[in-house]
Amino acid sequence: MLDKTYDPKEIEARRYPEWEQAGAFRAHPESAKPPYCIVIPPPNVTGSLHMGHALDNTLQDVLIRWRRMKGDDVLWQPGTDHAGIATQMVVVRNLEQEGIGLAVEGAARNDANKKLLNREEFLAKVWEWKAYSGGTITGQLRRLGASCDWSRERFTMDEGLSKAVLKVFVDLYKAGLIYKDLRLVNWDPKMLTAISDLEVESQEVRGHLWYFKYPLEGSDEHIVVATTRPETMLGDTGIAVHPDDPKWKHLIGKHAVLPLVGRKIRIVADEYSDPEKGSGAVKITPAHDFNDFEVGRRHKLEAINIFDKFARVNENAPEKYRGLDRFDARKKIVAEMEELGLVEKIEPHTHAVPYGDRGGVPVEPYLTEQWYADAKKLAEEPLAAARDGRVKFVPERGRDEFFRWMENIQPWCVSRQLWWGHQIPAWYGPDKKVFVAVSEDEAKVEARAHYGKDVALERDPDVLDTWFSSALWPFSTLGWPDRTPELAKYYPTSVLVTGWDILFFWVARMMMMGSYFMKEVPFRTVYLHGLVTDEKGQKMSKSKGNVIDPLELIDKYGADALRFTMTSLAASQAGRLRLAPARVEGARNFATKLWNATRFAEMNGAALPKGFDPSSARLTVNKWMLGELARANTAIDKAMTDFRLNEAANTLYEFVWGVVCDWYVELTKPILQGADGPEKDETRAVTAFVLRETVKLMHPVMPFITEELWDKLGHREEHGPLIGQPWPVPTALDAAADAEMGWLVKLISDIRSARAELNVPAGAKLKLLVIGGDATTAARLERHRAAIERLSRIEGIEAATAAPKASLQIVVGEATYALPVGEVIDLKAEGARLQKEIKKLADEVGKIDAKLGNAAFVSRAPEEVVEEQRERRSQAEQTRARLSTALERLGA
RNA sequence: GGGCGCGUAGCUCAGCGGUAGAGCACUGUCUUGACAUGGCAGGGGUCACAGGUUCAAUCCCUGUCGCGCCCA
């Protein structure tokens with residue numbers, strides 16, 4: 001006997017290891033079954049599960065478990081990401097707590113008392129941290145129920161994947177698609193590394209626009225430039241004005257003298273300068289602004305780098321500013337310009353400032369040599385694949401977003417000045433000549449060939465962008481560059497499930513690398529979902545204190561409840577998915593409901609006879625139930641196929657609660673609790689059958705409770721665990737049974753409503769008099785007598801010619817039903833109720849008449865629509881007429 | 001500034017040419033032998049606003065307003 005309520009804790013803790021140890025999650029590349037593969041978006045190895053993971057991985061697991069039951073050879077490829085910059089940051093922060101710093105060149109100014117680690121020592125600490133916390137997130141994914149093939153778990157820095165990274169870098173270099181270049185890069189002065197365009201977030205900042213007067217050479221005149229960044233004037237090498245600007249065009253070709261520095265700078269004509277903005281004249285600092293860099297190049301202006309890597313003023317500036325932080329330098333410069341009377345005015349000004357997404361400080365455009373990948377070239381094939389449908393996006397507008405990004409893509413800066421990551425396989429000779437090779441030995445061979453002798457080589461200290469290795473994930477995890485059976489069978493993978501937020505970071509780059517190295521896009525479908533936010537639509541963050549921890553929800557309501565909630569949340573077209581914790585509670589209640597329905601079945605001897613054939617059912621209620629099951633089955637398959645997982649969840653909810661529990665269980669109680677015989681046997685069998693199939697249909701969404709019930713129902717003994725069972729195939733529908741049950745449900749509902757509205761005491765048992773019922777109705781009433789009596793609290797059903805005066809009356813189909821209530825009834829209230837019903841129907845008839853009276857409607861609308869309106873009118877009118885009769889009789 | 005998405009019941013959201021739906025909340029009622037984490041019944045909506053297309057618009061088109069996201 002099942003317990004009264006479902007207790008997820010113990011069951012979840014037991015079931016998961018059981019599956020895993022039985023190898024239920026294993027892929028079988030050797031099998032003849034068709035492949036279905038999803039690669040997990042690898043979470044940060046040292047991270048922990050948040051709501052985004054819970055959503056993303058629930059959706060993947062639902063698809064995976066469904067396809068597994070459908071008979072595919074399923075591989076859900078798990079693994080973790082070394083997450084270079086994020087992990088390095090965490091470890092650095094941890095070390096700081098212990099008073100340990102990094103021995104980064106030039107950084108020691110605040111670190112006098114600190115113990116400093118060199119690269120090797122630091123990496124040892126990171127690996128230590130990984131060993132300590134690396135299992136956390138995979139353990140939490142297990143708690144969620146994720147059925148990944150853990151025997152194949154990979155890590156972006158494990159040996160095989162590192163080998164893939166090296167090969168990719170070297171191959172792309174040799175193909176000219178990776179190159180080193182000196183250009184402006186987004187520099188994070190806190191993390192002390194270059195970052196890619198994508199890692200820059202612009203934020204609106206309320207700042208100022210300073211109007212500086214730059215004296216003209218050999219004149220008392222000034223030219224006024226407006227800037228949001230006064231400190232960069234130390235690196236100004238020119239001034240740009242619009243060629244047609246009447247205010248300044250006469251100065252083109254002349255020179256100004258840069259205040260505080262004394263440098264002579266040229267005034268150039270360039271359309272970049274907007275006469276409407278600021279003063280119309282722009283100071284040009286080629287080394288510290290992307291636009292200025294372009295202007296500088298057009299006019300051959302010198303690029304003077306005035307900052308060091310900490311964004312402190314360097315030796316290229318006048319001595320008194322050296323060593324100042326950029327913001328201190330700003331203050332000092334503004335003060336001095338004011339003293340010199342060179343500040344014309346200062347306006348408040350709101351503008352976008354680029355921030356590093358990790359370091360959280362404004363990034364500095366910084367002139368350095370970095371490694372770049374030719375993203376434009378690599379994007380060609382993915383773009384073609386998206387255009388011709390080799391890769392599909394769900395929802396479709398993902399494709400447009402993808403185009404928008406890929407068609408305007410810039411070179412991808414792949415080098416990072418970090419220690420944690422894949423060190424770039426490039427070695428430099430004494431003359432800085434670079435040798436790119438998969439190993440130092442091979443680099444040496446190349447160097448020997450070049451120099452004609454052995455020389456000392458020095459390896460490039462930089463590491464690769466984290467996304468470089470995750471871009472290879474769909475094939476590196478399958479064994480590439482080796483030609484493994486896994487690679488042959490599972491690539492391209494079936495679907496990639498991820499959030500909109502990493503469409504460019506990750507999805508686009510996987511498509512680039514996959515297309516290039518595998519000659520085929522890495523997945524057939526990209527399924528994108530929104531971001532989970534709190535109830536108010538606010539992004540969850542520690543600082544706001546609105547973080548909902550999925551593990552707490554699992555503790556409180558069970559993993560299945562969380563999964564159900566995530567699944568029913570999934571389809572929103574909005575970019576954000578607001579999570580109301582009450583929904584999780586509702587999902588927990590749903591699990592309890594299913595549990596109790598099973599408990600009911602168990603208590604009533606539901607059991608599946610060997611070889612039971614559902615098509616042998618004779619009772620209308622059972623035939624109908626089996627039809628409803630088939631309907632749900634079909635709807636769920638359709639929803640899953642279309643990636644409308646919320647619809648699958650809603651279908652399950654409505655089916656289990658609204659159909660099985662509310663109606664089938666109640667309708668069959670008289671049979672199950674009545675006399676023994678074939679009807680009882682059949683109903684017990686159908687109940688057991690329906691529950692067995694229901695548990696299968698629910699398994700992808702709620703794996704734990706369903707596996708438990710499957711076992712408790714005794715199926716495990718015979719067939720093994722539920723996770724490996726074949727998915728149900730819908731059976732045929734029975735239209736006659738549907739019609740009859742529709743009638744029955746309406747009859748019972750109408751009686752219940754009338755009773756409740758007239759405040760007939762719930763316990764009062766009334767007689768049901770049938771007036772004007774035909775033979776079909778008589779037969780139906782007879783067949784369902786017990787159910788009607790029980791569900792609508794009736795005692796006795798009899799035919800009659802007219803309703804007694806004091807009775808409730810309802811109309812269902814061709815018959816009128818009277819429930820004599822004697823003194824209990826308030827005749828006025830019953831009259832009002834009937835009048836309300838009549839008015840509703842009359843309104844409907846009126847509306848339909850208006851439609852049918854419209855010649856354009858009748859002639860232009862499709863025939864079936866017109867016919868349907870006529871049919872509805874006739875039904876409504878008949879019912880209205882009968883209710884009017886009933887009302888008259890009440891008054892009589 | 002450019003692009004996209006969203007404004008539907010008190011709240012969170014489905015629906016997206018032809019009877020407006022769910023969950024939660026709310027009201028009444030019921031401790032009936034599966035379940036009070038429940039049953040039964042009910043109230044609540046000019047589907048943001050204004051035009052247009054159509055026989056017919058919550059749904060398609062245009063514009064306005066509000067909110068959000070992405071890109072500059």
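**Leu192**

I began with Leu192, which sits in the loop between β7 and β8 (193–195). Helices (H or I, at least four residues) and strands (E, at least two) are DSSP runs here, numbered from the N terminus. Phi of Leu192 is near 60°, a positive value in a residue other than glycine. Is Leu192 buried or exposed? Leu192 counts as buried, at 13% relative accessibility. For that I used these classes: buried is under 20% relative accessible area, exposed is over 50%, and partly exposed is in between (1.4 Å probe, protein chains only).

A note to myself on the ground rules: this is a predicted model, where local features need pLDDT of at least 70, side-chain atom pairs count only at pLDDT 80 or more, and totals for chains, interfaces and linings use all residues. Residues are numbered from 1 along each chain as its sequence is written, chains are lettered from A and ligands numbered from 1 in the order in which they are written, and side-chain values use heavy atoms, with hydrogens and water left out.

**Other positive phi values**

I then looked up Phe643, another residue other than glycine with a positive phi, near 60°. Phe643 lies in the loop between α19 (620–641) and α20 (645–672). Phe643 is buried, with a relative accessible area of 16%.

Helix α11 (residues 440–451) has 12 residues and reaches 16 Å from its first C-alpha to its last, close to the 16 Å expected at 1.5 Å a residue. The expected span is 1.5 Å times one less than the number of residues. Just after α11 comes Gly452, with a positive phi of about 80°.

Helix α15 (residues 503–518) has 15 of its 16 residues buried, so it is largely enclosed by the rest of the structure. Lys519 follows α15, and the phi of Lys519 is positive, near 60°.

**Cis peptide bonds**

I noted a cis peptide bond joining Val394 and Pro395, with omega about -5°. Pro395 lies in the loop between β17 (392–394) and α10 (397–406). The peptide bond from Trp480 to Pro481 is cis as well, with omega near 10°. I found Pro481 in the loop between α13 (473–476) and α14 (485–490).

**Salt bridges**

How many salt bridges does a search of the whole structure find? The search finds 64 salt bridges. The criterion is a side-chain nitrogen of Lys or Arg within 4 Å of a carboxyl oxygen of Asp or Glu. Side chains of opposite charge can pair when their charged atoms come close.

I started with Lys167 and Asp171, which form a salt bridge with the closest N and O atoms 2.9 Å apart. Both residues lie in helix α6 (residues 159–174), 4 residues apart, about one turn of the helix. Lys167 is partly exposed, with a relative accessible area of 30%, and Asp171 is also partly exposed, at 26%.

Next I took Asp460 and Lys180, whose side chains meet in a salt bridge (3.8 Å, N to O). Asp460 lies in the loop between β22 (458–459) and β23 (463–464) and Lys180 in strand β7 (residues 178–188), so the pair ties together parts that are 280 residues apart in sequence. Asp460 counts as buried, at 2% relative accessibility, whereas Lys180 counts as partly exposed, at 31%.

Glu231 and Arg229 also meet through their side chains in a salt bridge (3.0 Å, N to O). Glu231 and Arg229 are both buried. I then followed salt bridges that share partners, and they join Glu10, Arg14, Arg15, Glu18, Glu707, Glu708, Asp711, Lys712 and Arg716 into one network.

**Helix α29**

My last stop was helix α29 (residues 863–891), where I found Glu868. Glu868 counts as partly exposed, at 44% relative accessibility.

Ala886 is in helix α29 too, and counts as buried at 0% relative accessibility.
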